[in-house]
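Here are a few friendly notes to read alongside the model. I have kept to contacts and interfaces, with cut-offs given as they come up.

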There are 2 protein chains.
Amino acid sequence: MPATATDPGTSRIRSWWGWGYADAQPDDAECAALGALLPGTLARPLPIPRVADLTIGPPGVTVPSALAHLVTADPRARAAHAMGKAYRDVIRALRGRPGRIPDLVGRPTCDREVADLLDWAGGHGVAVVPFGGGSSVVGGVEYRGDAHRAVLSLDLTAMDRVLEIDTAARSARIQAGALGPVLEEQLRPHGLTLRHFPQSFEFSTLGGWLATRAGGHYATVHTRIDDFVQSLRVVTPAGAGTSRRLPASGAGPSPDRFFLGSEGTLGVITEAWMRLQERPRWKAATSVAFADFHRALDAVRAIAQSDLAPANCRLLDPGEALLSGASHDGSAVLVLGFESATGPVDGRLAAAVDLACAHGGRRAVPEAGGDRPSEAAVGAWRSAFLRMPYLRDGLARMGAVVETFETAATWGGIPALIDAVRTEVGAAALKATGHPATINCRLTHVYPDGAAPYFTVAVAGRPGDELEVWDDIKAVVTDILHRHGATITHHHAVGRDHRPGYDLQRPEPFALALRAAKHALDPRGILNPGVLID
Amino acid sequence: MPATATDPGTSRIRSWWGWGYADAQPDDAECAALGALLPGTLARPLPIPRVADLTIGPPGVTVPSALAHLVTADPRARAAHAMGKAYRDVIRALRGRPGRIPDLVGRPTCDREVADLLDWAGGHGVAVVPFGGGSSVVGGVEYRGDAHRAVLSLDLTAMDRVLEIDTAARSARIQAGALGPVLEEQLRPHGLTLRHFPQSFEFSTLGGWLATRAGGHYATVHTRIDDFVQSLRVVTPAGAGTSRRLPASGAGPSPDRFFLGSEGTLGVITEAWMRLQERPRWKAATSVAFADFHRALDAVRAIAQSDLAPANCRLLDPGEALLSGASHDGSAVLVLGFESATGPVDGRLAAAVDLACAHGGRRAVPEAGGDRPSEAAVGAWRSAFLRMPYLRDGLARMGAVVETFETAATWGGIPALIDAVRTEVGAAALKATGHPATINCRLTHVYPDGAAPYFTVAVAGRPGDELEVWDDIKAVVTDILHRHGATITHHHAVGRDHRPGYDLQRPEPFALALRAAKHALDPRGILNPGVLID
């Protein structure tokens, strides 16, 4: 089988070590310009790492000839499956200290082949790390430790077809290995869309979204992929099964909800019936500026507690708004968007803007001779959003430490939580590096009872010790989230990096249940060892 | 401790054997009038059963003196906890063949006492059946078999307080034993409401709703109590735990979703933080009549796939519409209701009516000199809805067999499913009794991808063999639902009566996980034995 150097449907080459497409990465000059924004970064960027410089030995295991066509030991494929795309992963690649390189990369094309590979791995003490688009930012797709004889990265992207469409029920049976654009392209001729657009949309798969309970397009109501699942098919070492295709059911605990978020530890999700949307025909968007971030929080709460249900309701703090070009005067900016396939949405947008203005928001005013600034702000923010992970890699090449993390908490705790992150993470970063950190915050999803803040922390690192600085910052973050009763992750998942926080937050009866289920479904402990549970 | 003869906040006496309040049960004359509607029923009603006529021996077990104040062996309390309120339960009481009477009824007042009773029961081979309002219609709150030395019915209704309210996050910490009216009364002074109004509202508890994943007030979007759970506290034989209070989280599989629907088999839910609503200030309702039920289904699908989100969207087939007084001309009737605490809803109602009329619906037209028939239809239906279970008991006293069951399926399968129920259940009922059955259907909840039909079957029984007739009908129903890919239950739960259908539908990997979790949390197998899993 070929190594996956290019994406289906494009001829663009994916970076083996950094975010996205290799040709979209910032060049040296752009890296230097980024570095200039953070005092104390390197004088010139670290060189782009090369697979040829890695020490990649022969695989520690071989598969029987009947399975040989399903795996590759190609060094580039193995390197590209060694880690996800967290800052930690990027810096490890840049510093020539990547995680353990998998012995083999498997690319099954059907459930039977997934089961065959699991059977073989179980019989030979080989760890299996399910791998979709590989965009994990929490250490979810690598192997750590040495308890297993060898490691197989199980790449699902050869299973990328929309197998069936039910237009009456607006749903489709989709293989788990389909990347975002690949599945949307197959739905488009039917006038339907999954409308799940995480920042990683181009580089992540349906199966990855399901296994990590990804956060999606909608800022309110159905914010998470979970709500769009009609049925799941899961292949486990103990056998495969498919849940019944149902709009809803009250028959026992939801089987699907147990596998959603299981992060490859209980089984491999191979396909799902997903609920789709009609493409929206009416859209309206604007932005509202706030001089006072705390009043902006009140405005967002009022909108989240109304029944207006905006598709987008993203509050940018002044730093985030400045960085993305959404404001230049120190304002916080609320980006509001409504959409519908049923009818006009201007009334809902107007009502939301009214609510925002009642809490101190300033309506966008058209400027003479230019774009309407509100639309410009929306556009600026969206471009910056998609470009952000590439810029992070550029900053990493300048020796900066960059961490993005997200959480959720009830409304009462949000202001103190954000303040604590600014104060305590800022102090920790300063202490660890001697440099001041930039800390920005936005709300990505909002709920009647709380919100999901997303933080970006950037600071010049200690050259060569970037991982140690990151560890220090992450420990402080984990402690803050725990003390404030916030979740260790709203939609990035747990992986290996969030284990300490997850272990603190998981109720003990559920931990007992999960361990018992893991033992029943994966008795040899081969599936994504170290993630969620030991 | 006293037996619970009366409800908190009322002086009305609950029936020990039938639905609801004893003083609301149909009298003999009303029973006879009901029986006259079904050819072949008895000439006079079966007498109301008396506790004194039951053989209730001394309890087969005693608790240590430290726990004595938490339990009662009072015969009336034990009789009232022997079964739920299914037709099966009512007819067993009427025929003097009730289920196994529990040896003791426990009424803990706090988590510690729940844990103490579980510890004691585990150490003495005593089965524990968690009991909320006792309104199960699926055999969920009784004990069957003789594998345990004794049976403790664990009545949670002494734990009925709203413990904390967070108005910013519009949520409350509520003890699981609070009956619907009891918790709403405590929320009302704060201008908040849980707005969960199942048919059993007066006679069921928060804990029961959570343990059975009850269907609630909203016909669309958030139809199920699950979506309103912020955090759960669960006491299991292996220890207690509380999930973190979060508006959303992506940290592993949802711990709450695993205990929701566990029907008392994995632990006892003792309290929950619940998401609340503001009381709606704007409401609008109407009804639309359809000459053709299949076109009405299309209309409802169009509304469910819009973003109008009606709070009520209940389609009554002609028989159901006639029975409830919503129509008298053989029309099917769609009852539509909108509500909001944010702003007027007339526009959404008008848009929904337009959609309905585009699919053959007839707008309600005000009649000269009378109520607007649309509002009359809405009111008629609501009164009939609350009265229905009492009438079922009246029919049972006339020797009729009455079964209500509900399911859900994707839109494509709905017409054939409804036709199959009419045809096959009708034939089975005729064969079993020699009498024609009345079979009515309504849609109670609707989804973009499907709907939840609710069926009522009534037929004159074979005197003395009502249970056998019911068994025959239930077997046919289970088979139909399975063949049509529908769920065995949308919101009535599995209990013991739906086990055969549930076992057919549960995916095997989840069955393995559930069994393992059960063994870990309830190693002695004392919790609600026979429900969900063995």
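1. Domain 2 and domain 3 of chain A bury about 1,200 Å² between them, with 48% from carbon and sulfur atoms; buried area is the accessible area (1.4 Å probe) that two parts lose on being put together, summed over both. On the domain 2 side, Gln199(A), Ala219(A) and Thr220(A) lose the most area, together 52% of what that side buries.

2. This is a predicted model, where local features need pLDDT of at least 70, side-chain atom pairs count only at pLDDT 80 or more, and totals for chains, interfaces and linings use all residues. Residues are numbered from 1 along each chain as its sequence is written, chains are lettered from A and ligands numbered from 1 in the order written, and side-chain values use heavy atoms, without hydrogens and water.

3. Between these two domains, 13 residues of domain 2 of chain A touch 19 residues of domain 3 of chain A (contact: heavy atoms within 4.5 Å). There is 1 salt bridge between them, a term for a side-chain nitrogen of Lys or Arg within 4 Å of a carboxyl oxygen of Asp or Glu.

4. Now to the chain pair: chain A and chain B bury about 5,900 Å², 61% of it on carbon and sulfur atoms. Each chain brings 79 residues to the contact.

5. The rule finds 4 salt bridges across the interface of chain A and chain B. Arg275(B) and Asp449(A) pair through their side chains in a salt bridge at 2.6 Å, N to O.
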